[in-house]
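Thank you all for coming.

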Amino acid sequence: MKLYSYFRSSAAYRARIALHLKGLPFDYAPVHLRKGEQNAEAYRALNRQELVPTLIDGDTAVTQSLAIIEYLDERYPEPLLLPKAPEARARVRAIAMAIACDIHPLDNLRVLRYLTRTIGASEEAKDGWYRHWIDLGLAALETQLASETATGEFCHGATPTLADICLVPQLANARRSGIPLDAYPTLTRIEAACNALPAFAAAAPDRQPDAGVT
Ligand SMILES: N[C@@H](CCC(=O)N[C@@H](CS)C(=O)NCC(=O)O)C(=O)O
C-alpha cells in the first residue's frame, strides 16, 4: 500500500494511525501542502479534491480519511476500529464526525488562506477564528465524553477506535497552534493513553519522513 501524506496533516495522521494499528506496512509518499504539491496535476489525478490523504491499495485509490479507515476496517478487520454493535458504532462515528466534519474543515489550510488572502482578515482575526472553532468543538466533546458511561480508557471503552484516531491529531493540531488544553482533562487523558501505544507514536508528525522539510 501507499499513503499520500503530509507530516502535519491531521487527516493524513488519522490514516497513518489506522495503518499502524492494523500493522499494515505502507510506502509513504509525501505531498508538501505549503508548497502546493496537492494542486499539481499528477496528484489531482488521484485526488480531485486536492487534499491529503489518498491511499493506494493495489489498483484501488481511496480518498477521504474516514472512508480510508472504514475501507481498511472492512478489508483488514484486525483489530476492528469500529465496534460491531450498531449503538456503539454510531457513538464512535458521532465522536469522529464531530471532529472530522465539524471542527477540522473550518481550520483547514485553504480555509485559513481564504480568510487572509481573499477576505482580507488580519493574522489576529484568522487566529481568533481558528481558536473559536477548536474551542467550541472540543468543549462539547469534553462534556460529552466526561459524562457518558461508554467512555473508558479510550473514547469508547478499553480499546482505541475511529474516535480516538480523530481525536489525537486534532489535539496535536491545537497544541501546535498554542491553544491551551487545560479545560479538556478527559480529552487529554485519552490522548495520553493513545500516545502510549506504539501505533499512535509511529504515526506522529515528527516521526514521518517529511517531518521538518521546508
Ligand atoms: N475530509 C478530508 C479532509 C482532508 C484535508 O482537509 N486535508 C488537508 C490537510 S489536513 C489538506 O490536504 N489541505 C490542503 C489545502 O488546504 O490546500 C479527509 O478527511 O480526508
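Let me begin with a term: when I say that two residues are in contact, or touch, I mean that they have heavy atoms within 4.5 Å. What you see is a predicted model, in which local features need a pLDDT of at least 70 and side-chain atom pairs count only at pLDDT 80 or more, whereas totals for chains, interfaces and linings use all residues. Residues are numbered from 1 along each chain as its sequence is written, and side-chain values use heavy atoms, with hydrogens and water left out.

With that term in hand, look at P79, which, leaving aside its neighbours within four places in sequence, is in contact with L21, K22 and D73. The C-alpha atoms of P79 and K22 are separated by 6.0 Å, although the two residues are 57 places apart along the chain. P79 sits in the loop between α3 (65-75) and α4 (86-100); helices here are DSSP runs of H or I with at least four residues, strands are runs of E with at least two, and both are numbered from the N terminus. P79 is partly exposed, because its relative accessible area is 36%, on a scale where buried means under 20%, exposed means over 50%, and partly exposed lies in between, with a 1.4 Å probe and protein chains only.

For background, most peptide bonds are trans, and most residues other than glycine have a negative phi.

E50, in the loop between α2 and β3, has a phi near 60 degrees, and it counts as partly exposed because its relative accessibility is 23%. Q64, in the loop between β4 (60-63) and α3, has a phi near 70 degrees, and it too counts as partly exposed, at 44% relative accessibility.

Now to the ligand, around which which residues are the closest? There are 15 residues surrounding the ligand, and the closest are Q38, V52, Q64, S65 and N108, where a residue counts as near if one of its heavy atoms lies within 4 Å. The largest share of this shell, three residues, comes from α1, while α1 (10-21) and α5 (109-118) each supply at least two.

As for polar contacts, meaning pairs of N or O atoms within 3.5 Å, an oxygen atom of the ligand is 2.6 Å from an N or O atom in the side chain of S65. A nitrogen atom of the ligand is 2.8 Å from a polar backbone atom of V52, and a backbone N or O atom of R110 lies 3.0 Å from a ligand oxygen. Taken alone the ligand exposes 520 Å², and the protein buries 90% of that, by the Shrake-Rupley method with a 1.4 Å probe.

Is H32 buried or exposed? H32 is buried, because its relative accessible area is 10%, and, not counting residues up to four places away in sequence, it touches Y6, E37, Q38, V213 and T214.

Definitions and conventions. Polar contact = N/O pair within 3.5 Å; in protein donor to acceptor, adjacent residues only side chain to side chain.
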